[in-house]
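Please provide a briefing on the structure shown below, written for a reader who is new to it.

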Amino acid sequence: MKLTIIGCSGSFAGPTSPASSYLVQSEHEGRTWNLVLDLGNGALGALQRHIDPRDIDAVVLSHLHPDHCIDLCGLYVVQRYHPEGAAKTPLPVHGPTGTGPRMTEAYGLDEPDAMAAEFDYRDLQERRPVQVGPFTVTPYRVNHPIEAYGLRVEADGAVLAYTGDTDSCDALAPLMHGADLVLADAAFVDGRDDVEGIHLSGSRAARAALDAGGVQRLMLTHIPAWNDPEVCRAQAAGVWPGEVELAVPDTAYEL
């Protein structure tokens with residue numbers, strides 16, 4: 001299983017990275033399967049450096065804040081208006097309750113199901129796995145102001161745990177347990193950001209990964225452009241016993 005960071009800027013696109021988006025790939029049945037986790041501001045453009053958007057097999061949205069989902073509107077244009085022809089079948093889009101109406105409203109369409117020819121919207125359900133080719137994706141409801149999920153992705157005997165946006169919560173333990181790589185929200189800085197129920201800090205992400213047990217690698221992501229990533233890394237390193245990695249746009253990692 002290969003993870004490519006498409007965008008890792010927190011809350012809004014930064015000067016060197018789009019907002020949240022991650023491409024996960026695996027070889028299966030004689031071809032490469034492409035799973036996209038989140039599609040935030042600017043991500044669709046960056047994604048095209050790695051794959052043709054028409055080759056996406058499914059999109060899974062952790063939640064419906066714009067920095068995680070808004071470029072689905074651009075993908076709708078690709079699906080509907082590509083000069084080589086509209087998509088023959090709707091693309092599966094797994095997301096929180098109401099993803100379809102939210103996206104059609106964002107694009108300015110009148111009917112809640114106006115994107116039905118382009119997207120097959122499917123509601124995520126707590127701890128109910130979703131199968132996409134070789135990928136098993138299990139959503140865990142996490143601690144954020146709106147319906148939000150951490151996503152545990154399993155394929156090729158490897159496990160990627162993506163927290164999405166969350167503060168500390170009980171769901172992080174089963175989400176992260178035994179993961180080859182934890183891709184963790186670290187938008188907050190200890191000593192500065194004291195609002196609860198929104199984001200992890202580097203130290204809280206590290207603590208959650210350590211407490212979950214069996215985690216091999218910790219990678220921080222969703223760091224806003226106004227943060228110094230090295231501060232976030234240092235706060236995590238005060239807890240995590242190994243190397244603390246930072247997500248780097250356009251970089252691929254083998255799991």
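E11 and E12, the latter covering residues 218-221, pair in the parallel sense over 4 bridges; two strands count as paired if DSSP finds at least two bridges between them. The model is predicted: local features need pLDDT of at least 70, side-chain atom pairs count only at pLDDT 80 or more, and totals for chains, interfaces and linings use all residues. Residues are numbered from 1 along each chain as its sequence is written, and side-chain values use heavy atoms, with hydrogens and water left out.

**Strand E11 and its neighbours**

- Helices (H or I, at least four residues) and strands (E, at least two) are DSSP runs, numbered from the N terminus.
- Strand E10 (residues 158-162) runs parallel to E11 and is joined to it by 3 bridges.
- Tyrosine 162 stands opposite leucine 183 in E11.
- E11, helix H6 (residues 202-212) and E12 form a right-handed β-α-β unit; right-handed means that, with the strands pointing away from the viewer, the path from the first strand over the helix to the second runs clockwise.

**Salt bridges**

- The whole structure holds 14 salt bridges, each being a side-chain nitrogen of Lys or Arg within 4 Å of a carboxyl oxygen of Asp or Glu.
- Arginine 54 forms one of them with aspartate 52, where the closest N and O atoms are 2.8 Å apart.
- Both partners count as partly exposed: arginine 54 has 33% relative accessibility and aspartate 52 has 28%.
- Arginine 54 also meets glutamate 84 in a salt bridge, at 2.9 Å from N to O.
- This second pair links distant parts of the chain, 30 residues apart: arginine 54 lies in the loop between helix H1 (43-47) and strand E4 (58-60), and glutamate 84 in the loop between helix H3 (72-81) and strand E5 (91-95).
- Glutamate 84 is exposed, with a relative accessible area of 66%.
- Glutamate 118 forms a salt bridge with arginine 80, the closest N and O atoms being 3.1 Å apart.
- That pair also links distant parts of the chain, 38 residues apart, with glutamate 118 in the loop between helix H4 (99-107) and strand E6 (119-123) and arginine 80 in helix H3.
- Glutamate 118 is buried at a relative accessible area of 4%, whereas arginine 80 is partly exposed at 36%.
- Salt bridges with shared partners join Asp52, Arg54 and Glu84 into one network.

**Aromatic rings**

- The structure contains 5 aromatic pairs; rings of Phe, Tyr and Trp (its six-membered ring) pair if their centres lie within 6.5 Å, and planes under 30 degrees apart count as stacked, over 60 as edge-to-face and the rest as tilted.
- The ring centres of tyrosine 76 and tyrosine 81 are 6.5 Å apart and the planes stand at 85°, so this pair is edge-to-face.
- Tyrosine 76 is buried, with a relative accessible area of 3%.
- Ring pairs link Tyr76, Tyr81 and Tyr107 into a cluster.
- The charged end of arginine 31 sits over the ring of tryptophan 33, 3.7 Å from the ring centre; this description applies if NZ of Lys or CZ of Arg is within 6 Å of the ring centre and within 35 degrees of the ring normal.

Note on methods. Buried means under 20% relative accessible area, exposed over 50%, partly exposed in between (1.4 Å probe, protein chains only).
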